[in-house]
Amino acid sequence: MSDLAAAADLDVRLEGHRRELTGYCYRMLGSAFEAEDAVQDTLVRAWRSIDKFEGRASLRSWLYRIATNVCLDMLTAGNKRARPMDLTAATPVAGAQLNSRPEVTWLEPVPDGRVLPTIEDPAEAALARESVRLAFVAALQHLPPKQRAVLILREVLAWKASEVAELLDTTVASVNSALQRARSTLAESDPKESDAADPLDEEQQKLLDRYVAAFEGYDMTALTALLHEDATLSMPPYDLWLRGHDDIVGWMLGVGEVCRGSRLLPTVANGTPAFAHYHPDHEKGGFTPWALMVIETSGGKVSGICSFLDTARWFPLFNLPARLDEEGHPVPVP
């Protein structure tokens, strides 16, 4: 094989691991953009040091070793990504104010297609989706970086303790000890389970259809019926979050009244249903981006709504239309 052909073959082999490595780095870092940077760094390092790859481990294992080191280096700054509910108690709607906290490093959403490889086994696919949910990734942020790596490799990716020990240059006993401590910390965080986004069963789809109808019609009676009594609403980068359908509806009829007349387009994020939320543009007509709305459901009702308001970051990442026309249809890019 010529040098050119060998280089092209290596490119293909490395690129074949990009999506799963991005999923791993996202769980480690809590940021879609940092995860992509970490994977790019990983692949560049692998390319530059391929001559040192002795083949004693698989290429995949070697890449995970490099990716882990990249993530650990990135986490040494001590920045821990958070959701609003990780910082403060819920605010009663009567005292709710939108306070931006630029010093906080917020947990970020991620498109499923960038982090979840195609998995044929339904049980394994469900586990993969559960492991990128916002609540689960937020819980991982409470773990020290090496414990985080151990838990992801052992519990999510199903690596053997001996394989993780070799990757981290430590002992099996140390890996088992780290896993036990990580499980204990995660149990205290208690990330509640949520229904998966794909595939949706008939009842889940009906629930989402009713949610869209209630939200777009601004029917607060219908919306209340769809929300769990202790449902949550958060809006990063603001630290405000609300708990309970009464407070959520109270917000919607107060400061949130600006959302009246909005349109929602379905997408998926973090293994759960999501919507691109567009506000009416009263000056130019049509609708403009307002938020990426990530929805969590359980037991036939909506249990959580997280609206990420930095649409300049999220809409391009999710390949969402930059504008809707008066009928709510995407406006083609000129």
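Here is a short chat about salt bridges in this predicted model.

Guide: Residues are numbered from 1 along each chain as its sequence is written. Since the model is predicted, local features need pLDDT of at least 70 and side-chain atom pairs count only at pLDDT 80 or more, while totals for chains, interfaces and linings use all residues, and side-chain values use heavy atoms, with hydrogens and water left out.

Visitor: How many salt bridges does the structure hold?

Guide: Side chains of opposite charge can pair when their charged atoms come close. Here a salt bridge means a side-chain nitrogen of Lys or Arg within 4 Å of a carboxyl oxygen of Asp or Glu. Going by that, the structure holds 18.

Visitor: Is E108 buried or exposed?

Guide: Buried is under 20% relative accessible area, exposed is over 50%, and partly exposed lies in between (1.4 Å probe, protein chains only). E108 has a relative accessible area of 7%, so E108 is buried.

Visitor: How many residues apart are E108 and R313?

Guide: The side chains of E108 and R313 meet in a salt bridge, 2.8 Å from N to O. The pair links distant parts of the chain, with E108 in the loop between helix 4 (59–75) and helix 5 (112–115), and R313 in helix 14 (residues 311–317). Helices here are DSSP runs of H or I, at least four residues, numbered from the N terminus. The two residues are 205 residues apart.

Visitor: Which residues are linked with R313 in a network of salt bridges?

Guide: R313 also meets D310 in a salt bridge, at 3.9 Å from N to O. Besides R313, the network holds E34, R81, E108 and D310.
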